[in-house]
Amino acid sequence: MNSFSRSQWGAGGLALLIGLFLFVFLIVPVVKVVYVAFQDPNTGALTLINFVDFFNTSLFRESFLNSIYVAGGAVLLASLISIPLAYFTTRFNFGGAVLIQTLGIVPLIMPPFVGAVAMLLLFGENGSVNLLIDEWFGFTIPFMEGLNGVILVEAIHYFPFILINLSAALLNIDSAMEESAQNLGASGTRLFRRIVFPLAMPGYVAGASLVFLKVFDDLGTPLLLNINNMLAPQAYLRISSIGISDPMGYVISVILVVFSLFSLWVSFLALKNKDYATVQKGGGGLMKRDLRPWEKIGCYAVIILILLMVLSPHIGLALLSFGTVWSYSVLPDAYTFVHYGNVFRTATQYISNTLLYAGLAALIDVVLGTAIAYIVWRTGLIGRKWLDYIAMGAVAVPGVVLGIGYLRTFVEFNVPIIDKPLSSWWVIIVIALVIRRLPYALRACMAGLQQVSIMLEEAAENLGATKTRTVRRIVVPLMSGGIMAGFIISFATASVELSATIMLVSAESDAPLAYGIYEFMQSAAGRGPGAALGIVAVLIVGIATYISHRVIKRREKELAPGVAVAAQGV
Amino acid sequence: MKITKRIFVQLTAGAVLAVGAVMAPIQAVAAEKLVIVTSYPPDTTVTVGKAFTKATGIKVEMLKKKTTAGIKYLQATAANNTSDMFWASAPDAFEVLKGDGLLQKYTVKVKGIPEKVGAFPINDPEGYYKGFAASGYGIMWNTRYLKAKKLPVPNSWADLEKPIYYGHVGMSAPSRSGTTHLTVETLLQGEGWEKGWARWKDIAGNFKTVTARSFGVPDGVNSGQFGVGVVIDFFGLSSKASGFPVDFLYPKMTTLVPANIAIVKNAPNPGLAGQFIEFLLSPEGQEVLLDPKIRRLPVNPATYAKAPKGFPNPFKDKSIGSAVKFDLQLSKSRYNIINSLFDVMITYRLDDLRAATKAIQTAEAKSKGNAGAMKLIKQARALVSKVPITAAKASEKDFNNIFKKKRKKATTKVSGRQAEFEQAWDTEIKANYAKAKQLAEKAASM
């Protein structure tokens, strides 16, 4: 009993520390900005009148519905892309399963605005595909027009959230469940529908809710496609125009936060009262079986088609990076290496900065994520759910708002030793990334922990292990699939983050990659080098992700050979 | 700093789990370095920065921010300022900073810079910011696009209203880009309030898109997303110089405005900042502006002797930028109202406006000579071009205060809220466009 209460104390202290961190770096800055939404623009007094204005304005109501439509559509399309990929690769013995799982993550390793540039060149009204269709058949297809264009780009960019979480969940399913179902006569789609998919539900919901929230808040893509009638662009346009300080931008930010929290709550409800944990672990997840030749061909066809689609931004970007001039034509006029030379001469520090920032941020994120997940699911601390809610709330805070909040909050706080304001020290960029990416890591860790049965921990404790030892030797290894997924998502997306960092970069020597690409892309002559830098980014972040994946996997093998299987393919 | 960073990189890349490594010592480095906050792309900043470092030996650090973000950044960091200079195009951005007391006066030593370019004074009369180059708005087009779609080359604003350009034109919004604001204002001043807005809406009816970034326009024309764009000259000229199949011209009614540079108040290195201004205005610095990747109009008339053939010279060719006598005070008096009106009437109601325009254009093509139909079309046009407020109201001080960021004094009188007005305008505009579309459709069926 003594050790139990001591561990509660430890967890309590940890929770307090995390709470403090979130308070200082999330709540305070956001409140500083959001406060404006509750101020009467004329008198400065506190009021709700701005919210009344919001709901009275038809433009905002329209934007609200558009945002929901786009977010919902993107979840649907992203599910259509990721479910087959996740299912085929975790269930069948495939030569290229690891390759597919890796390539499937690649779309995240590109700032969405870069992806949109490349996709416009390929699928725009006068992009390669439409020019060809027009030449052959005399019509064009509006892939990229209006809200549906946003859905296409967003789904292609964010589907890995579902893919990664769903794969992790599928791999964690105990094959005994499946065997029992088969013994009872279920097979084929029924087996998938009634057994496999429901058991993988926490992973799917975690991924889908992230996609929904991200798309709901995403700014870059609608802006690049020049769609203004959505909430996030409305907020951004109103916050960032010169001179105008219409509080509506801030009101919209509040509404984004509130609505996102609401949909998170709905996803919590959906999973409540259900036990997804499987007792046995290390059985290797779903049974893998070999495919018959014609099945193999079918699976490969589907997968190649999907991969072609999701990798199209990269294909477009690669063409752009090697092309000389690409204008109103199917392919660039000629090819050259000049852009790469340019990038390697001038832009290497963007790359090292990015590896540093994103690596640190992702590391801190999984540590925080694991701690919070454990506190929420395994302790009885009062208010523990709030840690989760607050950390998840970060997903709903537009990057610009966080950036402005940091500038306002930390400009007067001088860091000792280096004697600079915290807001212009590079560490602030890392902190911003930690906060921005914490929800991803947290969701993944949560899903990982939810699948670990508490009975295993109880067993360990009955055998005399202390709480700390149980966490270290049982919980963390068993949820390593989720932690890994969390690390990879956080790392990959942090390395292409732009919206908050663009506000916080105070010296070019501190600038990360996405900032460099953005800078290049703002001039006619910079499009090629910008694209080249983008490709270099994709390669480097991809390789770094792969290496960290290997490192962790090897470590696991030394620890417990059986567990390694669980992390496979994540 | 550098070394520490490399250690970090190796540690994070190699063993991402090594948390302890974060404790590496941090060294403070305080080198003499000029920090410039700028909205310009690296093509400009790197080229100019290199030339400056070569000439003076002073290191420069360019901090790229969008103009609006740059202003926010300087405002937010004013209490503990680390930037030396602000370097951007739109004079209004400098006015905002000047108004907030964030700039510092400087007297230029270089000789040979005239008072005015076109009809616009080159330097801030109060001495806070200096013009270093001139730029004007014009029309840019993609030659392949025009050829493929069989469109003629436009050469005036009025050309862009023609039905043939329906869905082919792109532009940014004045609230997004300071220079776009100037173009909108120039046309309003040149044609008058009512006529000017009517012209903008007729052009906007042909829009393919309103881009959220000013660079979105040349980007769209360069890649062929749309054929014709309303852009600032150097976007057009530098795109052409970069090899894109595009061209650019100044329509008659345009304004040349100076692009500016200023020293930030409490700059860490005001001396170096002064040297930068002197360099930029020296014959050497002015010549850098002619670089194919930059292509801005120098403010020193002598520099044009070295310009490539066909390069526009506003000091010789008086037709550029002198048709409108730009009234800076008038512009200032209604700055935010213009932004808001443009967004409410055009940016956010583009689909409605385009639908009305299409209906009117179809009806016009169909019912030539049909007096009754023409009358309906005229009514429809009048509805489209209606502006919710008069020119006098737009410049009214009290009314403008509603749209202002900061009330200067607590006593400034403000009644009503921006959102309230915009909502009322939006309702009116939407109804007008719908009614206009209906009338035009009726005319077409006559």
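Reader: What share of chain B counts as buried?
Author: Of its 446 residues, 53% count as buried. A residue is buried if 20 or more other C-beta atoms, placed from the backbone, lie within 10 Å of its own, exposed if 12 or fewer, and partly exposed in between. This is a predicted model, in which local features need pLDDT of at least 70 and side-chain atom pairs count only at pLDDT 80 or more, while totals for chains, interfaces and linings use all residues. Residues are numbered from 1 along each chain as its sequence is written, and chains are lettered from A and ligands numbered from 1 in the order in which they are written.

Reader: And how much of chain A is buried?
Author: Buried residues make up 57% of the 570 residues in chain A.

Reader: How many helices and strands does chain A have?
Author: Chain A has 27 helices and two strands. Helices (H or I, at least four residues) and strands (E, at least two) are DSSP runs, numbered from the N terminus.

Reader: What are the counts for chain B?
Author: Chain B has 18 helices and 13 strands.

Reader: Which domains does the assignment give for chain B?
Author: The assignment gives domain 1 (1–28), domain 2 (33–132 + 256–306) and domain 3 (334–446). Such bounds come from an automatic or database domain assignment. The centres of domain 2 and domain 3 of chain B, taken over C-alpha atoms, are separated by 38 Å.

Reader: Turning to helix packing, how do H3 and H4 of chain B cross?
Author: The axes of helix H3 (residues 67–77) and helix H4 (residues 91–99) of chain B come within 11 Å and cross at roughly 10°. That makes H3(B) roughly parallel to H4(B), a label for angles under 35 degrees, with over 145 counted as roughly antiparallel, 65 to 115 as roughly perpendicular and the rest as oblique. Axes are lines fitted to C-alpha atoms, for helices over the stretch in contact, and angles run from 0 to 180 degrees between N-to-C directions.

Reader: Which residues make the contact?
Author: H3(B) contributes B:Thr67, B:Ile71 and B:Leu74, and H4(B) contributes B:Ala93, B:Val96 and B:Leu97. Two residues are in contact if their C-beta atoms, placed from the backbone, lie within 7 Å. By class, five of these residues are nonpolar, one is polar and none is charged. Ala, Val, Leu, Ile, Met, Phe, Trp, Tyr, Cys and Pro count as nonpolar, Asp, Glu, Lys and Arg as charged, and the others, Gly among them, as polar.

Reader: How many residues of each chain are in contact between A and B?
Author: The contact involves 64 residues of chain A and 73 residues of chain B. Helix H17 (residues 348–378) of chain A supplies the largest share of the chain A side, six residues. That side has 31 nonpolar, 25 polar and eight charged residues.

Reader: What about the backbone at A:Tyr328?
Author: A:Tyr328 has a positive phi of about 50° although it is not a glycine. The residue sits in the loop between helix H15 (312–322) and helix H16 (338–346) of chain A.

Reader: Is A:Tyr328 buried or exposed?
Author: A:Tyr328 is buried, with 23 other C-beta atoms within 10 Å. B:Lys150 also has a positive phi, near 55°, but counts as exposed, with 7 C-beta neighbours inside 10 Å.
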